[in-house]
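Dear colleague,

My notes on its content follow directly after it.

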Amino acid sequence: MPDSMLTKFLRFSVDLGFPDSPARVVKRAEKLLKQAFGARSCKIHLSTSSPASPTVEKGSIRIPLLERKRRIGVCELKGVKHCSTSSRSLLEKLCAETAARTALAAYKERLIDGSENVIKAFSTGMDFYDRFTEQHSEAVRDYAAAIAGEMGMSRSGIKDLVRAAHLHDIGKVGISPRIINKKHKLSSEDWKEIKKHPMVAKTILDGAESLRGLIPAIVYHHERYDGKGYPCGLQKDEIPVHARILGAADSYATMMANRPYRKAMSFDRAVRTLIRSSGTRFDPKVVKALLKVLRKRST
Ligand SMILES: [Fe+2]
Ligand SMILES: [Fe+2]
């Protein structure tokens with residue numbers, strides 16, 4: 001590839017990025033190709049029955065999108081004033097790149113769909129095991145997503161956080177049901193057992209390839225900002241941000257829930273606890289975001 005063509009190809013490739021759905025790849029590619037070739041319009045149709053070879057007629061160019069020789073669609077540029085052989089060759093390369101990214105995004109979507117089913121299966125199993133988990137996981141998911149949104153986290157970051165929230169206590173399946181479903185206060189021996197659940201979760205999730213990325217958020221959701229948490233005693237930024245958010249969402253959801261051995265805290269008392277624990281138990285930035293969320297919801 002000549003230098004100028006390589007530069008254009010690399011720029012397109014970087015600007016196209018790795019969108020997380022085929023529709024987003026197409027939308028971005030259409031915009032970039034229209035600009036790059038000064039076309040009046042650019043439309044990409046995803047269809048396996050699209051034409052197999054390029055066609056050029058009256059300022060309109062149609063290039064098939066081929067992914068490993070398989071037709072997955074066609075790109076149609078209209079209103080292109082002049083298209084030299086080298087421009088057309090570049091366009092074919094950019095269409096091949098678009099096809100590869102589209103296929104990758106479709107693969108990622110299928111992988112996520114599959115892992116969503118694994119998450120649902122795990123959660124259902126967990127609900128049978130622990131009577132309080134279902135509502136608790138839902139509350140944690142809701143608060144965690146709201147905190148992350150308030151902190152300006154990306155869409156895909158929030159998606160991962162929500163998936164981790166779903167499974168954050170999955171490790172409790174490794175703890176005796178006698179302790180998990182106890183109707184009175186837990187003893188220090190019980191707590192010793194309970195504190196094993198993050199590492200049990202790691203063992204479980206290590207076996208599910210599509211869920212391995214959630215391990216840091218889940219394993220460290222009981223770490224404390226001041227380093228006095230468990231299982232590793234990490235502190236401040238050593239704790240992944242997803243785990244810091246999950247930790248605060250988890251604690252707040254627990255404060256606000258009735259348990260057999262104690263009543264839920266009042267809203268005011270829970271807010272005072274969050275403020276008092278900012279910088280010790282919880283990341284101050286996370287507490288600030290959670291307080292904003294709660295303020296918005298109470299007005
Ligand atoms: Fe937990
Ligand atoms: Fe929890």
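Gly 38 comes after helix α2 and has a positive phi, near 55°. Helices here are DSSP runs of H or I with at least four residues, strands are runs of E with at least two, and both are numbered from the N terminus.

Please note that this is a predicted model, in which local features need pLDDT of at least 70 and side-chain atom pairs count only at pLDDT 80 or more, while totals for chains, interfaces and linings use all residues. Residues are numbered from 1 along each chain as its sequence is written, and chains are lettered from A and ligands numbered from 1 in the order in which they are written.

Helix α2

Helix α2 covers residues 22–36, 15 residues in total. From first C-alpha to last it reaches 21 Å, close to the 21 Å expected at 1.5 Å a residue (the expected span is 1.5 Å times one less than the number of residues). Its buried residues are Pro 22, Val 25, Val 26, Ala 29 and Leu 33. They lie on the same side of α2, because they cover an arc of only 95° around the axis; the arc is that of the directions from the helix axis to the C-beta atoms. A residue is called buried if 20 or more other C-beta atoms lie within 10 Å of its own, exposed if 12 or fewer, and partly exposed in between, with C-beta atoms placed from the backbone. An α-helix has 3.6 residues a turn, so residues three or four places apart point the same way. The buried residues of α2 pack against α1 (3–16), β1 (41–46), β4 (70–78) and α3 (85–129).

Overall form

The protein has twelve helices and four strands. The domain assignment, which is automatic or from a database, gives domain 1 (3–107) and domain 2 (130–298). Taken over C-alpha atoms, the centres of domain 1 and domain 2 are 45 Å apart. The C-alpha trace spans about 80 × 35 × 35 Å along its principal axes. The radius of gyration is 26 Å, whereas a compact globule of 299 residues would have one near 19 Å; the radius is taken over C-alpha atoms, and the globule rule is 2.2 Å times the number of residues to the power 0.38. Of the 299 residues, 28% count as buried.

The nonpolar cores

A nonpolar core is a set of buried Ala, Val, Leu, Ile, Met, Phe, Trp, Tyr and Cys residues joined through C-beta atoms within 7 Å. The largest has 36 residues, and Ala 144, Ile 147 and Ala 249 have the most contacts inside it. Among the elements that give two or more residues to this core are α4 (133–150), α5 (155–167) and α12. Helix α10 supplies its largest share, seven residues. A second, separate core of 21 residues includes Val 25, Leu 33, Val 74 and Val 80.

In α12 (residues 284–298), the buried residues are Val 286, Val 287, Ala 289 and Leu 290. Their arc of only 165° around the axis puts them on the same side of α12. Arg 295 and Lys 296 are exposed on the other side.

Arg 276 lies in helix α11 (residues 267–276). Why does Arg 276 count as exposed? Arg 276 is exposed because it has 12 other C-beta atoms within 10 Å.

Yours sincerely

How values were computed. Two residues are in contact if their C-beta atoms, placed from the backbone, lie within 7 Å.
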